[in-house]
Amino acid sequence: MKTQVGIIGGGPSGLLLSQLLHLQGIETVVLEQHSREYVLGRIRAGVLEHGFAALMREAQVAERMDREGEIHDGFYIAHDGIKDRVDLKGLTGGNSVVVYGQTEVTRDLYDGRDKLGGIVIHNAEDVKPHDLESAHPYLTYRQGDEVKRIDCDYVIGCDGFHGVSRKSIPKDKIREFERVYPFGWLGVLSRTKPVSPELIYAKHERGFALCSLRSQVLSRYYIQVPLTDTVEQWTDELFWAELKRRLPADVASQLITGASIEKSIAPLRSFVVEPMRFGNLFLAGDAAHIVPPTGARGLNSAASDIYYLYHALVDHYKKHDDSGLDGYSAKALARVWKGQRFSWWMTTTLHRFPEGSDFDGRLQDTELAYLFSSPKALASLAENYVGLPF
Ligand code: RFL
Ligand code: PHB
């Protein structure tokens, strides 16, 4: 098979790029190692910035998001038994975020690909990129006993943190930057009315907690846990009891509990690879960078990569202009690092660090005291949370 752009990974990054390019008459093939059901079974992001939402609209897959997604004009930070509101709309001159699950985003993108007859090959095993430094790279993959080949002009690695794309780059051609946090998030999804119409990020001496939602009948809650904990250890009863302890009393008393319909533990990590290009391979999304989920930046950082790549590839094919492709890595990384800084700040400010000193604790308290006494500091938080411009 031959195509113009070979995309590895059928998560939100790969599907969005494929859809946007298709609408511009540029051919793509997406290779996904898992089944569609498996990809749609993963519960991840819940908060989309307006830039991401705009890109979904440009990709003509935003109808359901615009109908069912909730516009959130603010969120709360709970600390010391009280909750302080961050007025996103007021502080940013009218910006807000959309609460709409990544599962639904991905479902809408698959539907969009189907409608246009886009090629998404599932259960593609052993995907390998070849000849990335030549003008004629190609991909191979296995389906059953058969090994197949796709020739393309460019390979885009959208295959997440554990994918094959980044690993295909010789070690001496890239530099990796990483911070691993000494805790994870235990997440629970439940068919219950959310405790608060807006998200609550809670700092507590027992550890961080987050009250989020997918809709007015579907709640998503998280608590910080040691990395050694397992999902089996956390019965629903233990989870709800621990969550309540970490919330202000008036919030805890309102919490409606119920059976969990999904429960998982995610480790927290900050990671960036530089550059985001090797020959004719371009990395995008989690394949190139990971943030701890505290700032809700992961999927939103992927969106800016896709935006830059989309425009760069359109310029290449339609205007024979390669400046976008040549400048991609530097441009993408500039925004990626700002997302890293913000996610690191939210994480270090709101979590309990097992090795943290009393001095560190006082600094955390002072961060919040300063934040809620300074409209300028709050405006900086709000500007980052709604998403910096692409
Ligand atoms: P994905 O979603 O990991 O998709 C990669 C796809 O590539 C496939 N793949 C391969 N395919 C072929 N061959 C191979 N060798 C392959 N290896 C992998 C995989 O099967 C998969 O389908 O990466 P993508 O598309 O870049 O999207 C990134 C986002 O998923 C991620 O950044 C967010 O989920 C992060 N995140 C959040 N981001 C936000 O912007 N807002 C949030 O509120 C938010 N909350 C979260 C989050 C991530 C979380 N976890 C579990 C890590 C909350 C959590 C708990
Ligand atoms: C979620 O709803 O899954 C979610 C929301 C905000 C975050 C992280 C995760 O910062």
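Colleague: From which domains does the shell around ligand 2 draw at least three residues each?

Modeller: This is a predicted model, in which local features need pLDDT of at least 70 and side-chain atom pairs count only at pLDDT 80 or more, while totals for chains, interfaces and linings use all residues. Residues are numbered from 1 along each chain as its sequence is written, chains are lettered from A and ligands numbered from 1 in the order in which they are written, and side-chain values use heavy atoms, with hydrogens and water left out. Domain bounds come from an automatic or database domain assignment. The shell around ligand 2 takes at least three residues from each of domain 1 (5-72 + 97-178 + 269-349) and domain 2 (182-268 + 352-386).

Colleague: Which residues come nearest to ligand 2?

Modeller: A residue is counted as near a molecule if one of its heavy atoms lies within 4 Å of it. By class, the shell holds eight nonpolar, three polar and three charged residues, where Ala, Val, Leu, Ile, Met, Phe, Trp, Tyr, Cys and Pro count as nonpolar, Asp, Glu, Lys and Arg as charged, and the others, Gly among them, as polar. Of the 14 residues around ligand 2, the nearest are Tyr-201, Ser-212, Arg-214, Tyr-222 and Pro-293.

Colleague: How much of the area of ligand 2 does the protein bury?

Modeller: Polar contacts are pairs of N or O atoms within 3.5 Å. Taken alone, ligand 2 exposes 280 Å² (Shrake-Rupley method, 1.4 Å probe), of which the protein buries 96%.

Colleague: Which element gives the largest share of the shell around ligand 2?

Modeller: Helices (H or I, at least four residues) and strands (E, at least two) are DSSP runs, numbered from the N terminus. Strand 15 (209-215) and strand 16 (218-225) are the elements that give two or more residues to this shell. The largest share, three residues, comes from strand 15.

Colleague: Turning to ligand 1, which helix gives the most to its shell?

Modeller: The shell has 33 residues, and Ser-13, Glu-32, Gln-102, Asp-286 and Leu-299 are the closest. By class, 14 are nonpolar, 13 polar and six charged. Helix 1 (12-23) and helix 9 (298-319) each supply at least two residues. The most, three residues, come from helix 9.

Colleague: What share of the exposed area of ligand 1 does the protein bury?

Modeller: A nitrogen atom of ligand 1 is 3.2 Å from a polar backbone atom of Gln-33. An oxygen atom of the ligand is 3.0 Å from an N or O atom in the side chain of Arg-44, and a backbone N or O atom of Asn-300 is 3.1 Å from an oxygen atom of ligand 1. Ligand 1 taken alone exposes 1000 Å², and the protein buries 88% of that.

Colleague: Which residue of strand 20 is the bridge partner of Phe-271?

Modeller: Two strands pair if DSSP finds at least two bridges between them. Strand 17 (residues 260-274) runs antiparallel to strand 13 (residues 175-190), with 13 bridges, and Trp-185 stands opposite Ala-266 of strand 17. Strand 17 is also joined to strand 20 (residues 289-290) by two bridges, again antiparallel. There, the partner of Phe-271 is Ile-290.

Colleague: Which residue does a cis peptide bond join to Glu-274?

Modeller: The residue lies in the loop between strand 17 and strand 18 (277-278). Omega of the bond is about -15 degrees, and the partner of Glu-274 is Pro-275.

Colleague: Which residue in the turn between strand 5 and strand 6 has a positive phi?

Modeller: Strand 5 (residues 75-79) and strand 6 (residues 82-86) are antiparallel and share five bridges, with Phe-75 partnered by Val-86. They form a hairpin with two residues between them, and the turn residue with a positive phi, about 50 degrees, is Asp-80.

Colleague: What is the radius of gyration of the protein chain?

Modeller: The chain has twelve helices and 20 strands. The globule rule (2.2 Å times the number of residues to the power 0.38, with the radius taken over C-alpha atoms) gives 21 Å for 390 residues, so the chain is as compact as a globular protein of that length, its radius of gyration being 21 Å.

Conventions: A polar contact is a pair of N or O atoms within 3.5 Å; within protein, one must be able to donate a hydrogen and the other to accept it, and residues adjacent in sequence count only if both atoms are side-chain atoms.
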